[in-house]
Amino acid sequence: MNTPHDKVALVVGAQGVIGRNLVEHLVELGDWEVIGLSRRGGESSARVRHLAVDLLDAENSRAKLAGETAITHVFYTAYQDRPTWAELVPPNVAMLTNLVNAVEPVASKLTHVSLMQGYKVYGAHLGPFKTPARESDAGHMPPEFNVDQQDFLELRARQGTWTWSAIRPSVVSGFALGNPMNLSMAIAVYASMCVELGLPLRFPGSPGAYNSLLEMTDAGLLAKATVWAATTPGSTNQAFNIGNGDLFRWSELWPKIAHFFELAVAPPLPMSLATVMADKEPLWNSMVDRHGLEPNAYAAVSSWPFADAVFSWDYDMFGDGSKARRHGFHEYVETEQMFLGLFADLRARRIIP
């Protein structure tokens, strides 16, 4: 295809929290042509062209991407959920493999493939792990699709003419609807329902989680770090932890969240949000009508299983972000302001009251 830009980005998983913010950042930079790829596609504009591709289908992937000869950078943020860790491996490795197999033969100017990972590389999902986690830490017993994906990229990059990077954020927060891993949305909807029901805001997680030391990753900051790693000499062919730059405990942050929603705080009470919120769709629909909210389906704004997972971490969860700083990335976001800013944005968009 003809393009006036030397840099053409293919953002894979463009409708998710991470991909959506990455698309917006690339557009804001002004010197990129941006192609958004997702399973359901999107509405193209003068600034972003969207493609609907089923990456689990190798033939569909090759056919849909056959004409994308100008791609220079691939930013891979896609994810397929499955019930168990072992079941996550085949679909997530297959999607990345099918993507690279489709793009590499036609995109002669391919320069870099960026892989979005997370602290699962360090075993964070399995239980207490060494903190702060460092990029040089030893691996853990498989299965782990993040590791398999990186192994695949490293091998293919050695055989090709492009470089790779692996970006490892903590829990990512940003605006996106219909995403199964959106903690800020889950908190906002939970708090809004407490307002509606006249209840105080209780931390619903395990007792130990209320005082554990945690970090978050702002989706906007993550977008900047991802592009930085993909385009900065000396920062390719390696992994980087990317966090906001500060640490927090829910015991300190929870009362401030309650204050934003003008709620009283009651003592924590362990409960599964996936269970107690299962019957709340009628309540949500009545809130949409009564407050004149955007008509989003309850399923599009609820991320209860993910919130339960995060609120169950009764151990420290943070990485060492100094490697990225040593290589020249110095962006910082205050986590408290990140959450409050996201809640304000959700109100401004009429997603919550």
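R350 lies in the segment after α13, where helices are DSSP runs of H or I with at least four residues, strands are E runs of at least two, and both are numbered from the N terminus. Phi of R350 is near 65°, a positive value in a residue other than glycine. R350 counts as partly exposed because its relative accessibility is 30%; buried means under 20% relative accessible area, exposed over 50%, and partly exposed in between (1.4 Å probe, protein chains only).

A word on the model: it is predicted, so to speak of local features a pLDDT of at least 70 is needed, while side-chain atom pairs count only at pLDDT 80 or more, and totals for chains, interfaces and linings use all residues. Residues are numbered from 1 along each chain as its sequence is written, and side-chain values use heavy atoms, leaving out hydrogens and water.

N237 also has a positive phi, near 60°, and is not a glycine. You will find N237 in the loop between α6 (219-231) and β9 (238-242).

| Residue | Relative accessible area | State |
|---|---|---|
| G16 | 16% | buried |
| S173 | 0% | buried |
| N237 | 40% | partly exposed |

G16 sits in the loop between β1 (7-12) and α1 (17-29). Beyond its neighbours within four places in sequence, G16 is in contact (heavy atoms within 4.5 Å) with A176 and N179. The C-alpha atoms of G16 and M181 are 9.0 Å apart, although 165 residues separate the two along the chain.

S173 belongs to strand β7 (residues 171-173). Not counting residues up to four places away in sequence, the residues S173 touches include V17, S184, D218 and F339.

Now to the nonpolar cores, each a set of buried Ala, Val, Leu, Ile, Met, Phe, Trp, Tyr and Cys residues joined through side-chain atoms within 4.5 Å. The largest has 58 residues, of which L183, W250, W254 and F311 touch the most other members. Helices that each supply at least two residues of this core include α5 (183-197), α7 (250-260) and α13 (335-348). The largest share, 10 residues, comes from α5.

One joins T131 and P132, with omega about -5°, and another joins P142 and P143, with omega about 15°. P132 lies in the loop between β5 (112-116) and α4 (145-159), and P143 is found in the loop between β5 and α4.
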